[in-house]
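Q: Please take a close look at one part of this model, with the cut-offs stated. Start with a short account of its setting.
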Amino acid sequence: MSGKKPKQIAIYGKGGIGKSTTTSNISAALAEAGYKVMQFGCDPKADSTNTLRGGEYIPSVLDLLAGKRRVDAHEAIFLGFKGIYCVEAGGPAPGVGCAGRGIITAVELLKQQQIFEELDIDIVIYDVLGDVVCGGFAVPIREGIAEHVFTVSSADFMAIFAANNLFRGIEKYSNSGGALLGGIIANSMNTPFHQQIIDDFAERTKTQIVQYVPRSLTVTQAELSGRTTIEAAPNSAQAEVYRVLARRIAEHTESKVPVALNPEQLREWSSGWANQLVEIERAAERERVPA
Amino acid sequence: MVVALKTRDTTLPGANEHAGSIERLRFACSIGAMQTAAAIPRVIPITHCGPGCADKQHNALSGANGNQGGGWGGGGVAPSSNATQREVIFGGTERLEELIEATLQILEADLFVVVTGCIPDLVGDDVGSVVRGFQSRGAPVVYAETGGFRGNNFTGHEVVTRAIIDQFVDAYDGPREAGLVNLWSLLPYQNTFWRGDLAEIKRLLEGIGLRVNLLFGPDSAGVSEWQAIPRAQFNLVLSPWLGLDTAKHLELKYGQPFLHIPQIPIGAKAAGEVLREIAAFAGISDTAEPFIVEEERKYYLYIEAFSEFYSQYRWGLPARFAIAADAAYALALSKFALRQLGLLPASVVVTDNPPIEYRDTIVAEFRALDHDTTSEVEFLEDSYLIHERIRAADFGHKPPLILGSTWERDLAKEIKGILLEVAFPASYEVVLTRSNVGYRGALTLLEQIYSTTVRRTA
C-alpha cells in the first residue's frame, strides 16, 4: 500500500437529471488523463457504471453480501473503460427493506477492507441518488468519506429543489467534518435563460458553476451503444466539455459550505423566475408576430 | 396505533426535567406486549425483531419483576426471526414467512400472535400481507406492530389486544348475553401481581352474579373467552386509562356499552363502592348485595384482629406514604392507604406515561382521593426525578412508607424508610398467586406492609 490518500468526491442530483451519465464521463475522462479512478454507484438500481462496461450490469456489493457470509471487497470490483474500478452498492427491490442502510453497509465494507489504499486509487467518485431522503444517502458526505461534493442540476425547478436539499445536508454535516460543496455541474443547458437561472441560484447559495454541459444527441447515441461519450465520440465537442469538467474536478481543492435557501426563500426565488420566464415567452411571441 | 410524538426540549439535560433521557426504567418497550399474548392460556407470541429484543423485554417483565417466569408460551418459548442486517436492507418478510411456517409445524397453540420490533417497523416490512396469507389458509395467526419506538408496553398491550379482536374474533351481530362481562384491567406481567389480582377480581364479579371473560391468566379459559367477547353484555374498564381505547373500539365495532371505573378496588370500602356501581350498571343490584355483606363481615373480623396490633405497636408505624407506580396501582393503593389505613400521601408519582388525553382524569381522581383529602400527582418516568421527589417529601416524624419498586431499595435505606415492592420492577419478590386487590388481596397487602414494618426491628 502506498499510504496515499485518494481524492474522494461525491456527485449528487435529482433522479433522471443525467447524474450517472455525467459521472461516468468524468471517470472516463480522468482515466484517459492517466488517473486511477474508482466509480462507486450508490443507488439501489445499481446501473451507475453501465456505460463504463459496454452496457453490462455488475453484481452489487449487497448482492454478494446477501449470497455469502463473508465478502472480499475485491469480488465487488469490476474493471471498466481504461481500467476504471467499477463498484455498485446495490440494494433491495423497490418498496421493501431499507436502501439507505444498504448504501451505508456497502460503503462501510470497502472502507473497512482499505481497498482504496490497496489499489492505490487517485480518485474515488460516488454517484449518489440525489434526494437525500435519509441518513443512508448522506453517508458519502459524512465525516471520513468524500471531501468534495458536486451536484448535477438542470435549470428545472425540481432539480434545483433537490440541489438545495443537498446543500442543507452539507450545511448540517459541515460542523462535524463532513464534505463541503465543490459546485454545481449545470446540465442540459440549451438556452441562455437556463444558464441565467442556474447562475442566479449559484449566486444566491454562494457557490459556483463548475461546468455548463449542453444537452446533446451525441450523449444519447453513446448511451444507447452502452458507452460514455468519451469512449464513443472522443473527438466530439461534448467529449471536450466533459474533459474540461474532469480536469476542473481533478484540480479542485477548495470546497465551501453553501448557503441553502429556506423553503420560503426558495418559493419566492422560483416564483420570481416564473414571472420572468413568462415575460421572455411574451417577448418571443411579439417578435414572431410583428404588429 | 399512533401515539403523539414526544416533545424534546432544546436546552441541555439538567437545565430542565424533560430533556429526554431517563434512568432506571419502569416499563418495557412496546414489543414487551409479547407477554400480553403469553398471558392468554395456550397462546404463543412469534417475535419478528432483532436479536435480544424479545429476550430483554421478557427478562425485564417476568424475570426481574416478581420472578414470574415467561409462561407457557412466552419468554424463551417464543420463536423469533432474529432479524439482522440482511432483513434491514432487503426487508424481512421472507424470513417471517419461513418462521411462521416452521412455528406452525413445531409448536401447538390455540393462537399465535406475531409481534414486531423496531427493525421491521422501521424498514416497512409488510407483515400484514404475510400474516393474511396464513389466515387465509385458516391458521390461527394475527399480527401486531409493536416496534419499540411506538411507545411502551402499555401501548403495545393495546395494539396486541386490538389485533386479536380485529383479526381473530369473528364479526358478530347476534344477541348479547346478560350477565357476561369482558374485563379490561391490569397489564399482565408489568403488574407483578396480575395473576392473583385478576383471579380476585373475577371472584368478586362472579360473587355479585356476573360471568367474566377474564381474558388473561390461569383463571381465564383462553381463546374461547376472546371469541366470546362480542357476546358480552358490556365491557368493564377497571383502570384509570389502560383498556379505555379497547372498550371504545368494541363500542364502535359491536355496539357494546362500557363502564369505566378508574379505581381498582382494594379493601372493603372500595370493593363495596365499585361492586355496587358495577351491579347497578349490569342491573343486578339485588344479587350483589348479599355477597358484599358477607365479604365485609369476614373482612372486618380480620381488621378487628389487626386493630389490636395497629393501636398498640409502639416502635414506629408509618404515618405517611410515597408511591411511585403505574396509574392503576398508584390510584388504587393510594385510596386504600388513605381511606382504610389512615396514611396520608406525601408524594405521588405515576410512572407509566399515560396518554395526554387521559391525564386530566387521573389528576381529578387524585384530587378527590377522599371526601376530605386531596393529593397532587406527578407524571414522571425518570427514576432520578422520582427519587428527588421522595427525598423532598414530608413524612412527619414517623418512618416513611414507600410503595415503589426495586429501584427504591437504596433510597429506602438512605431515608430509613419501609419499602414495599409493588411496582415494576419488583426484583426481590417471588410472586405466584399473591394479590393486593379486592377483599383478600387487601388483607395480604396489609400483612405485607406491617410485616415489613415490624421486621425493621428484628
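A: Of the 291 residues in chain A, 48% are buried (20 or more other C-beta atoms, placed from the backbone, within 10 Å of a residue's own; exposed is 12 or fewer, partly exposed in between). This is a predicted model, in which local features need pLDDT of at least 70 and side-chain atom pairs pLDDT 80 or more, while totals for chains, interfaces and linings use all residues. Residues are numbered from 1 along each chain as written, with chains lettered from A and ligands numbered from 1 in written order.

Chain A contains 10 helices and 8 strands (DSSP runs numbered from the N terminus: H or I of at least four residues, E of at least two). Its C-alpha trace spans about 75 × 45 × 40 Å along the principal axes. Among chain A contacts (C-beta atoms within 7 Å) between residues at least 6 apart in sequence, 77% join residues at least 24 apart.

The close look is at an open sheet in chain B. Five strands lie in the order E10-E9-E8-E11-E12 (chain B), with parallel pairing (at least two DSSP bridges). Strands E10 (378-379) and E12 (418-421) of chain B are at the edges with a single partner strand each, so each has one side without a neighbour in the sheet. E10(B) and strand E9 (residues 344-350) of chain B are joined by 2 bridges in the parallel sense, and Phe379(B) in E10(B) stands opposite Val350(B).

Helix H15 (residues 383-392) of chain B packs on this sheet, where it touches strand E8 (320-325), E9, E10 and strand E11 (401-404) of chain B. The direction of H15(B) makes about 170 degrees with that of E9(B) (lines fitted to C-alpha atoms, for helices over the stretch in contact; N-to-C, 0 to 180 degrees). Helix H17 (residues 438-455) of chain B lies across E11 and E12 of chain B, at about 145 degrees to E12(B).

Elsewhere in chain B, helix H4 (residues 93-106) has buried residues Thr93(B), Arg95(B), Leu96(B), Leu99(B) and Ile100(B). These cover an arc of only 150 degrees around the axis, which puts them on the same side of H4(B) (directions from axis to C-beta atoms). The buried residues of H4(B) pack against strand E1 (43-48), helix H3 (85-90), strand E2 (111-116), helix H6 (127-136) and strand E3 (141-144) of chain B. On the other side of H4(B), Glu98(B), Ala102(B), Gln105(B) and Ile106(B) are exposed.

Notes:
Two residues are in contact if their C-beta atoms, placed from the backbone, lie within 7 Å.
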